[in-house]
Amino acid sequence: MLYAIKQHKSPETMLNIELIPAFEDNYIYLLTDTETGTTAIVDPGDATPVQHVLDERGLTLDYILNTHHHGDHTGGNQALKKRYGCTIIGPAADKHRIPGIDHGTKESDIVSIGDSKTKILETHGHTMGHICFWFQDDRALFCGDTLFSMSTGRLFEGTPEDMWASLTKISALPDDTMIYCAHEYTEENGEFCLTVEPNNEDLKARMDEVRQLRAQDKPTLPVSLATEKKTNAMLRAGSATRYAAIRKMKDDWD
Ligand SMILES: [Zn+2]
């Protein structure tokens, strides 16, 4: 079985990031700290495609990073832990509902993946206990189901106020931060954003690019925070109240 893998590495960064498609539209990310060879997998909903890639490379797995407890992000935890003996890191608030978790983390904790460091951002909303992994030196944010390109995750457990606070936290990161979302929902999200802001030229340009990528079955991710700030109607809402209204419109539109 073949899995498309895309590499995103800039010469200055030590973290190699690759994308492993899973299920219908999930993305699992393989991180390799190039200095030490330390590996981590972000949100393995399914162990099979991860094992395939690791075996093909002759790699072992040192860490699993879980953003939240949903099965399509944690379903591969136990199988991967059994096979590789990896350490599972996730939100402390969700220790009771993340399979095989070893270490619970809280806001501002720093986790080392070899020489690469990631800071924990608590981003309640999609679930309570959701976290993002912010690799500041590498300008990479693994945001699970908090932020999608041109949308956000649904509010299964948190309030619009919770999610707005989380979006505000993400917006404060540097504009050149690359956002690694957990799902390929971009094209549909963008179609919705066009109903909210039909005259947004940046949005139209991004959608041209997105449609071309999808027509070739290529990922639309990662995306820069700068682009999201120009195109994501929910991130651009300006207030929790307005965010709630746009989120509701999207829920009805889906
Ligand atoms: Zn989820």
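**A walk through the model**

Guide: Start with Asn77: leaving aside its neighbours within four places in sequence, Asn77 is in contact with Pro44, Ile64, Ile88, Pro99 and Gly100. Two residues are in contact if their C-beta atoms, placed from the backbone, lie within 7 Å. Note that this is a predicted model, where local features need pLDDT of at least 70 and side-chain atom pairs count only at pLDDT 80 or more, while totals for chains, interfaces and linings use all residues. Residues are numbered from 1 along each chain as its sequence is written.

Visitor: Is Asn77 buried or exposed?

Guide: Asn77 is buried, because 24 other C-beta atoms lie within 10 Å. The cut-offs are these: a residue is buried if 20 or more other C-beta atoms lie within 10 Å of its own, exposed if 12 or fewer, and partly exposed in between, with C-beta atoms placed from the backbone.

Visitor: And which helix does Asn77 lie in?

Guide: Asn77 lies in helix H3. Helices (H or I, at least four residues) and strands (E, at least two) are DSSP runs, numbered from the N terminus. The C-alpha atoms of Asn77 and Ile101 are separated by 8.4 Å, and these two residues are 24 residues apart along the chain.

Visitor: Zooming out, how many helices and strands does the protein have?

Guide: The protein has 8 helices and 15 strands. Its radius of gyration is 17 Å, close to the 18 Å that the globule rule gives for 254 residues, so the protein is as compact as a globular protein of that length. The radius is taken over C-alpha atoms, and the rule is 2.2 Å times the number of residues to the power 0.38. Along its principal axes the C-alpha trace spans about 50 × 40 × 30 Å.

Visitor: What share of the residues is buried?

Guide: Buried residues make up 49% of the 254. Of the contacts with a separation of 6 or more, 57% are between residues 24 or more positions apart.

Visitor: Back to the parts. What does H1 pack against?

Guide: The buried residues of H1 pack against strand S2 (15-22), strand S3 (26-33), strand S4 (38-42) and helix H3 (77-84). Those buried residues of H1, which covers residues 47-57, are Ala47, Pro49, Val50 and Leu54. Just after H1, Gly58 takes a positive phi of about 65°.

Visitor: Why is S4 called largely enclosed?

Guide: Because 4 of the 5 residues of S4 are buried, S4 is largely enclosed by the rest of the structure. S4 pairs with S3 in the antiparallel sense over 5 bridges, and two strands pair if DSSP finds at least two bridges between them. Ala40 in S4 is the bridge partner of Leu31.

Visitor: What about S4 and S5?

Guide: S4 and strand S5 (residues 63-65) pair in the parallel sense over 3 bridges. In S5, the bridge partner of Ala40 is Tyr63. The chain crosses from S4 through H1 to S5, and this β-α-β crossover is right-handed. Right-handed means that, with the strands pointing away from the viewer, the path from the first strand over the helix to the second runs clockwise.

Visitor: New topic. Which strands form the open sheet?

Guide: 6 strands form an open sheet in the order S8-S9-S10-S11-S14-S15, with mixed pairing. Its edge strands are strand S8 (110-113) and strand S15 (223-224), each pairing on one side only. S14 (residues 178-180) and S15 run antiparallel and are joined by 2 bridges. Ile179 stands opposite Val223 in S15.

Visitor: Is Ser108 buried or exposed?

Guide: Ser108 is exposed, with 10 other C-beta atoms within 10 Å. Arg139 counts as buried, with 20 C-beta neighbours inside 10 Å.

Visitor: Last one: which residues have the most contacts inside the largest nonpolar core?

Guide: Tyr29, Phe142 and Tyr180 have the most contacts inside that core, which has 64 residues. A nonpolar core is a set of buried Ala, Val, Leu, Ile, Met, Phe, Trp, Tyr and Cys residues joined through C-beta atoms within 7 Å.
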